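Dear colleague,

I am passing on the structure below, and I would be glad if you looked through it before reading my notes. What I found follows after it.

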Amino acid sequence: MQEGLLGKYSGAVPRYTSYPTAPHFHEGVGCDKYAQWLQNLGKGQDISLYIHIPYCDRLCWFCACHTKHTLKYDPIIAYLEALHSEIAHVGGFVDRNAKVSAVHFGGGSPTMLRPEDMIALMAALRAHFSFRDDAEISVEMDPNDLDDARYDALAAIGMTRASLGVQDFNPDVQKAINRIQTFEHTKGVVEAVRARGVHSVNCDILYGLPYQTLETLEATVRDILSLAPDRIALFGYAHVPWMKKHQTMIPEEALPGVEMRFRQMNRAAEMLVEAGYEAIGIDHFARSGDKLAIASREGRLHRNFQGYTDDAADALIGLGASSIGQLPEGYVQNMPATGEYQKMALGQGLTAVRGIELTDDDRMRAKVIEDLMCRFAFSFADIRNRFPKIAEAVIAEARQYVASNPDGICEIVADQFRITETGKPFTRSIAAVFDSYLSTGKGRHSIAV
């Protein structure tokens, strides 16, 4: 039945790692507003930090991140100088009674940093922000960057979670996406980080890649399972060459169609669940004892720019070029262009160039969409309690959608709007029903990447 609904519900919609989504950010929110919001963070509040390293020593053709290719380290040295300046300035606005509960290094390839630079960067963060003793430190890792000195540096900064991009182990697929990475090499990385005390390992798998078949994907999943990662992310490749020019290197004729992508997604998910992993939201899987699985069972799962998380921090501060911050008042994004970012960071400290201040309607719809993405349901009573003056509008939208939808993808049961088992593969499309920026035509939506 689900395959028969593909044509109707498989269109491009936002990933909903934020609401409103990034295309609705505007230049009316900049450094002055950002400084004010940072100063409002205070005692008793937890904050998360995201640090963006926008460089790779190889450019994977499937990638849609803000990054650039470099074989020289000089640009990274210059970038780190600016990043240290931004850290000092942002930290100066934040009350030292606000505590850092989580740090995530992303990119790009954070593991490109020289060992001494990794250690200096963490030292700067600890010098300008107050940390909880149990703060989680997660790092996105490119296995091809790593050596013993870097492993030791990652241990020195207190890394608690390692995130490894795998995508697919098939050589033909790897060649087509310019990501050569053997299973043996990846296994060595997992063993090395675990030997240094890392308690959680995450592996990313992509479906919908060029030359990928059910058989190659099944083989990759079996290889990944043999590594016994604590978490596995299963993402669909988004082919957006009009946004990321390097994706033109991928042969479009080798990409699987919508129906095959759907079959790949279902088969991989089936294998992971059969292996004992719990399904988390729409695209994550975790062992039952993992914090993410526990948070999901207890209704504490959240979604932010890193995807699903158990982090309940009051604010996410983005550091580095293109980074996005999420604060109680709204979202801000730093200057994406690394050259301009460096000028701003070294000149004035803050680098925010766009964002959006949240309205009560935004907050309500963000809550509804997050509940759907994390729990496949939202409670009318909860929305009424949180937003008593405006809740009936979104509840009426829910009732109208169920009444007008003949496909059985959602229902209303016991004062809850619920996504059915049939509807779960189309969760993002259902969440988009409650996106006023789409339904009212107030702006273009983001492409799911």
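In strand S19, Gln 416 is the bridge partner of Val 413; helices (H or I, at least four residues) and strands (E, at least two) are DSSP runs, numbered from the N terminus. Please keep in mind that this is a predicted model, in which local features need pLDDT of at least 70 and side-chain atom pairs count only at pLDDT 80 or more, while totals for chains, interfaces and linings use all residues. Residues are numbered from 1 along each chain as its sequence is written, and side-chain values use heavy atoms, with hydrogens and water left out.

Strands S18 and S19 (residues 416–419) run antiparallel and are joined by four bridges, where two strands count as paired if DSSP finds at least two bridges between them. They belong to an open sheet of three strands, in the order S17-S19-S18, with antiparallel pairing. Strand S17 (377–379) and strand S18 (410–413) stand at the edges with a single partner strand each, so one side of each has no neighbour in the sheet.

Helix H12 (residues 360–375) lies across S17 and S19 and runs at about 135° to S17, whereas helix H14 (residues 391–404) lies across S17, S18 and S19, at about 120° to S18. Here contact means heavy atoms within 4.5 Å, and the angles run from 0 to 180 degrees between N-to-C directions, with axes fitted as lines to C-alpha atoms, for helices over the stretch in contact.

Elsewhere, helix H9 (residues 258–274) is followed by Gly 276, whose phi is positive, near 105°.

Best wishes
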